[in-house]
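Work through the exercises below with the model open. Try each task before you read its solution.

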Amino acid sequence: MSDRRWRTAGGALIRVISVWAVSTLTMLALAGLLPDFQLQSDDGDSVTRTAFTAAWGAGAFGLLSALVWPLLVRALLIVPALVLGALVFFLNGSLLLIALRLIPDGRGDAAPETAVVVAAVMSAVASGASTALAVRDDDAYRRRLSRLADRRRRRDGTPGSADGGRGGPPGIVFVQLDGVGHQVLERAAADGVMPTVAGLLADEAGHRLTPWTTDWSSQTGASQLGILHGSNHDVPAFRWFEKESGTVMVSSRPASALELQRRAIARTRDGGLLTVDGASRGNLFSGGADQLALVLSMAARRGKGRRSRAGYFAYFSDPANAVRTALSFVAEVGREIGQSTLARVRKESPRVKRGGLYPFIRAFATVLERDVVVAAVIGDMFAGRTAVYADLVAYDEVAHHSGPHSRDAEKVLARLDRSLGLILKIADHTPRGYRIVLLSDHGQSPGETFAGRYGLTLKELVRAGCGLPVPRSAQRTRSASEARDALRTALHRPVGGREAKHPAKSSDPVVLASGNLGLLSFPDIEGRASREQLDRRYPALLGTLADHPGIGFLLVRSERHGSVVLGRGGTETPVAELADGEGPMAVFGAGAADAVRRTDTFPHVADVMVNSMYDPGTGRVHAFEEQIGSHGGLGGEQSRPFLLWPRTLADPMDALAADAPRTPAAAGPAQGDTPAGTAPAGPVGAEAVHRILARWLRELSGPQVPLRPGGPDVAGATGEPVTDGPVRLLDGRPPEGHVPEVPLRGQPLPDPDDVVPGARG
């Protein structure tokens with residue numbers, strides 16, 4: 001044992017000396033290349049003296065990076081992510097200037113801008129040398145990481161194997177590829193864009209792939225809430241208006257995400273999928289996990305262990321990581337500017353504006369978020385955590401602006417595949433075995449924007465149909481002209497006469513967009529407005545919308561017939577009579593009718609729900625936002641994400657059949673239980689996916705452990721203590737007959753512009 005320790009210590013010393021030597025040579029080379037960086041006195045020095053100066057400076061910089069850098073990063077946790085990337089260069093350069101000041105006789109000197117360059121190069125070289133030396137000894141590398149994991153477990157008080165052996169039941173890692181549809185993944189694997197995924201599918205003992213069908217609201221807020229917390233009831237869209245409080249809920253706002261998470265926990269009495277030794281990385285919601293990094297719902301919370309930005313610390317405490325990510329960040333900004341410029345030069349169509357802050361938002365999603373999340377997942381695996389759920393948002397962000405089938409998006413898929421390959425390789429060296437599950441929360445459907453195709457936005461079309469003023473550019477469009485003519489006809493005014501005045505004083509309608517799903521709310525009409533009320537107040541509005549070629553169908557409540565779906569040519573179908581493949585639902589595929597029926601039961605469903613047209617021949621929709629790859633409603637690939645799981649786990653449909661809920665999670669059709677012969681292939685609804693993942697966790701983890709009342713799983717996630725009985729078992733179901741007692745208390749919402757960059761649906 002003593003000899004092993006001496007060998008380990010000797011190996012570590014050799015690696016330190018080797019990295020120091022490489023850093024010294026790098027500093028000497030840079031001093032020879034850069035005119036504003038010197039390691040000699042003004043009178044000149046011998047080669048030996050210059051080498052000694054470089055060794056001193058490299059050593060001082062290495063010590064400062066090891067000792068001071070982690071403290072700087074911890075102090076900067078309050079800094080927004082987009083600002084942190086720029087500060088990395090400045091702080092690293094400052095450390096180099098301090099190191100040069102520590103050289104005896106003042107022989108080291110550099111201009112501030114040169115110091116930034118020198119520090120970046122030296123950090124990158126030191127990181128590469130250290131990695132190369134570690135890779136030469138896989139066993140030593142694994143032992144080192146295992147020791148670090150053991151220390152973390154002892155510090156956190158979590159169980160684990162002291163010797164780093166792969167004992168006990170395997171853990172499970174869920175990696176969500178945000179926005180990657182089933183068809184996109186299949187094509188990328190077949191075309192060699194994602195060789196890691198292709199390898200999983202080719203191995204007969206490897207993984208299996210199936211699509212699943214989203215809810216009507218095909219976006220991350222609804223899907224991930226259902227997957228992680230077991231309920232996405234009353235989430236009609238990515239953003240919606242709540243009349244009783246006069247607020248707009250937006251899934252990408254921290255306060256909104258926290259409120260949605262609290263409501264889901266109160267409804268299910270379930271802390272979440274990750275409450276038992278779990279970690280949540282890069283998600284909108286915590287899933288009940290105690291270990292968090294870049295979790296939006298926790299971004300605004302304070303207190304030890306609850307600040308999501310603390311996830312930066314583990315990654316950026318290594319200055320080499322910080323520099324590498326910062327350089328990649330800058331390169332990604334340049335890549336986006338180049339790609340968008342090329343798209344304009346080629347006059348590609350459709351396309352949207354990609355200027356302003358977008359290049360930086362893209363770089364956050366494709367570089368910074370990816371690097372931090374992947375590093376956190378690897379750390380969780382070496383720590384032996386039971387369940388990890390991570391979201392990689394890179395593809396979704398790029399596909400929105402470049403298109404889901406574009407070359408730009410394809411390159412992002414290739415880089416994500418390399419990250420997946422790294423996670424799979426790491427799984428061979430972790431203290432416990434791991435099952436790796438890949439999934440997505442929705443797909444994306446291509447198509448020109450509604451405004452690009454028809455010359456006016458949905459909001460402008462609604463205002464024209466209501467007889468309200470619209471911008472002059474919108475007035476000249478055919479759609480606005482037809483809306484005005486319809487209004488004049490309804491009011492018995494001559495067509496082509498003077499502009500009709502608004503028939504009665506009232507507040508303007510609130511028009512919100514979530515991809516190709518639009519929501520209309522009328523704040524001065526109490527409760528959910530009826531078709532009859534709207535016809536009396538705005539006689540041309542519903543007809544204008546239903547007959548528009550860019551709109552597929554409307555959902556509105558009728559006082560006489562209950563809720564109805566309106567289509568072109570005056571068609572009107574009661575929601576209870578909706579059927580897939582018929583009437584307004586003819587082109588929207590299996591499961592669409594049930595999805596509409598379920599959303600119709602939500603308390604916060606909009607007064608009028610508007611789904612864009614869908615062309616099944618081209619797969620195109622019209623987004624009501626500035627996106628040429630969109631999701632949020634019905635139509636095409638957006639509703640068909642994927643689930644890729646190891647064959648050693650139960651088939652998803654078998655898991656659903658064996659784990660059917662004892663009580664329905666929401667009014668309306670139960671998710672995953674559509675009638676035989678009409679159900680789409682694979683699971684239906686995010687809540688059904690939650691049941692599958694919970695079942696897999698139970699398969700791997702054995703007997704389930706009830707959560708203690710008031711524990712971190714629920715109290716930490718909602719901010720409210722639990723006062724009664726066991727909350728849940730690992731399968732995600734409350735005890736039979738148990739009634740939730742958590743009050744539905746509202747949370748204050750931030751200003752409308754308070755949206756976290758990169759946190760998209």
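**Exercise 1.** Which backbone nitrogen lies 3.0 Å from a polar atom of the side chain of Ser440?

Solution. The model is predicted: local features need pLDDT of at least 70, side-chain atom pairs count only at pLDDT 80 or more, and totals for chains, interfaces and linings use all residues. Residues are numbered from 1 along each chain as its sequence is written, and side-chain values use heavy atoms, with hydrogens and water left out.

Step 1. Find Ser440 in the loop between β10 (434-439) and β11 (445-446). Helices (H or I, at least four residues) and strands (E, at least two) are DSSP runs, numbered from the N terminus.
Step 2. Look at its side chain. The backbone nitrogen of Phe642 lies 3.0 Å from a polar atom there.
Step 3. List the neighbours. Ser440 touches Gln176, Leu177, Val180, Trp212, Pro641 and Phe642, leaving out residues up to four places away in sequence. Contact means heavy atoms within 4.5 Å.
Step 4. Check the cover. Ser440 is buried because its relative accessible area is 0%. Buried means under 20% relative accessible area, exposed over 50%, and partly exposed in between (1.4 Å probe, protein chains only).

**Exercise 2.** How many helices and strands does the protein chain have?

Solution. Step 1. Count the elements: 25 helices and 21 strands.
Step 1. Turn to burial. Of the 761 residues, 56% count as buried.
Step 2. Turn to contacts. Among those between residues at least 6 apart in sequence, 72% join residues at least 24 apart.
Step 3. Accessible areas come from the Shrake-Rupley method with a 1.4 Å probe; for residues, only the protein chains shown count as cover.

**Exercise 3.** What span should helix α2 (residues 47-67) have at 1.5 Å a residue?

Solution. Step 1. Take the rule: the expected span is 1.5 Å times one less than the number of residues.
Step 1. Apply it. Helix α2 has 21 residues, so it should span 30 Å.
Step 2. Compare. The end C-alpha atoms of α2 are 30 Å apart, which agrees.
Step 3. The buried residues of α2 include Thr50, Ala54, Gly57, Phe61 and Leu64.

**Exercise 4.** Which residues make the nonpolar surface patch of about 390 Å²?

Solution. Step 1. Name the members: Phe52, Trp56, Ile98 and Leu102. Patches are made of residues with over 30% relative accessible area and no salt bridge; like charges are joined within 9 Å, nonpolar side chains (Val, Leu, Ile, Met, Phe, Trp, Tyr) within 5 Å.
Step 1. Leu102 sits in the loop between α4 (81-101) and β2 (109-110).
Step 2. Classify Leu102. Its relative accessible area is 46%, so it is partly exposed.

**Exercise 5.** Where do Glu332 and Arg415 lie?

Solution. Step 1. Start with the pair. Their side chains meet in a salt bridge (3.5 Å, N to O). Glu332 lies in helix α12 (residues 319-345) and Arg415 in helix α15 (residues 407-426), so the pair ties together parts 83 residues apart in sequence. A salt bridge is a side-chain nitrogen of Lys or Arg within 4 Å of a carboxyl oxygen of Asp or Glu.
Step 1. Check burial. Glu332 is buried at 1% relative accessibility, and Arg415 is buried at 16%.
Step 2. Widen the view. Glu332, Arg335, Glu336, Arg354, Arg362, Asp408 and Arg415 are linked in a network of salt bridges.
Step 3. Look at another pair. Glu410 and Arg407 meet in a salt bridge (2.5 Å, N to O). Both lie in helix α15, 3 residues apart, about one turn of the helix. Glu410 is partly exposed at 29%, whereas Arg407 is exposed at 54%.
Step 4. Take the total. The whole structure holds 27 salt bridges.

**Exercise 6.** Is helix α14 (residues 394-402) mostly covered or mostly uncovered?

Solution. Step 1. Count. Helix α14 is mostly covered, with 9 of its 9 residues buried.
Step 1. Find the partners. The buried residues of α14 pack against α7 (182-190), α13 (358-383), β9 (387-392), α15 and β20 (629-630).
Step 2. Look past the end. Just after α14, Gly403 takes a positive phi of about 105°.

Notes:
A polar contact is a pair of N or O atoms within 3.5 Å; within protein, one must be able to donate a hydrogen and the other to accept it, and residues adjacent in sequence count only if both atoms are side-chain atoms.
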